[in-house]
Amino acid sequence: EMNDDQFITASATFGGVKKTVTSKNFKGADITTTFGGTEINLTKADIQGPIVIESRTTFGGLTLIVPSTWQVHSNINAMLGAVEDERVAIDQSLVDNDKIVTLEGTCLFGGVEIKSYA
């Protein structure tokens, strides 16, 4: 179900998936979560430019853990769901303008959480 570390395809149905990415050239992910939970930890990973994470969450939750200096933009269409960036605000001078993660997809009756260990 998981392939090479540069791109993740994950599907959790009535269960959970946890993945820690260590690739220094992470390209993105395609994640489907239905009645389950998915956790993707990118704190040991690096990206070499903007990436897209496609997420479809239905009656479930996705937790995305990213380095605190990365930017995360959400274009997720949430219906009876929520996308929450729970990261503590950091000094804007520390934000890396080359490390941009864009979230795309849908969230129905579920939640997407963005966290950092800062």
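View 1. Phe 109 sits in the loop that runs between β10 and β11, where strands are DSSP runs (E) of at least two residues, numbered from the N terminus. With a relative accessible area of 44%, Phe 109 is partly exposed, a class that lies between buried (under 20% relative accessible area) and exposed (over 50%), using a 1.4 Å probe and protein chains only. Together with Phe 14, Phe 35, Phe 59 and Leu 80, Phe 109 makes a nonpolar surface patch of about 590 Å²; such patches consist of residues with over 30% relative accessible area and no salt bridge, with nonpolar side chains (Val, Leu, Ile, Met, Phe, Trp, Tyr) joined within 5 Å, and the areas come from the Shrake-Rupley method with a 1.4 Å probe. The model shown is predicted, so local features need pLDDT of at least 70 and side-chain atom pairs count only at pLDDT 80 or more, whereas totals for chains, interfaces and linings use all residues. Residues are numbered from 1 along each chain as its sequence is written, and side-chain values use heavy atoms, with hydrogens and water left out.

**View 2. Surroundings of Arg 87.** Arg 87 is found in the loop between β9 (82-85) and β10 (100-108), and at 18% relative accessibility Arg 87 counts as buried. The side chains of Arg 87 and Asp 85 meet in a salt bridge of 2.9 Å, N to O, a salt bridge being a side-chain nitrogen of Lys or Arg within 4 Å of a carboxyl oxygen of Asp or Glu. Asp 85, at 41% relative accessibility, counts as partly exposed. A polar atom of the Arg 87 side chain also lies 2.8 Å from the backbone oxygen of Trp 70.

View 3. Asp 30 forms a salt bridge with Arg 56, and the closest N and O atoms are 2.5 Å apart. This pair links distant parts of the chain, with Asp 30 in strand β3 and Arg 56 in strand β5, 26 residues apart. Asp 30 is partly exposed, with a relative accessible area of 25%, and Arg 56 likewise counts as partly exposed, at 29% relative accessibility.

**View 4. A salt bridge between two loops.** The side chains of Asp 46 and Lys 99 meet in a salt bridge of 2.9 Å, N to O. Asp 46 belongs to the loop between β4 (37-41) and β5, and Lys 99 to the loop between β9 and β10, 53 residues apart. Asp 46 is partly exposed, with a relative accessible area of 24%, whereas Lys 99 counts as buried at 12% relative accessibility.

Methods:
Helices (H or I, at least four residues) and strands (E, at least two) are DSSP runs, numbered from the N terminus. A polar contact is a pair of N or O atoms within 3.5 Å; within protein, one must be able to donate a hydrogen and the other to accept it, and residues adjacent in sequence count only if both atoms are side-chain atoms. Patches are made of residues with over 30% relative accessible area and no salt bridge: like charges are joined within 9 Å, nonpolar side chains (Val, Leu, Ile, Met, Phe, Trp, Tyr) within 5 Å.
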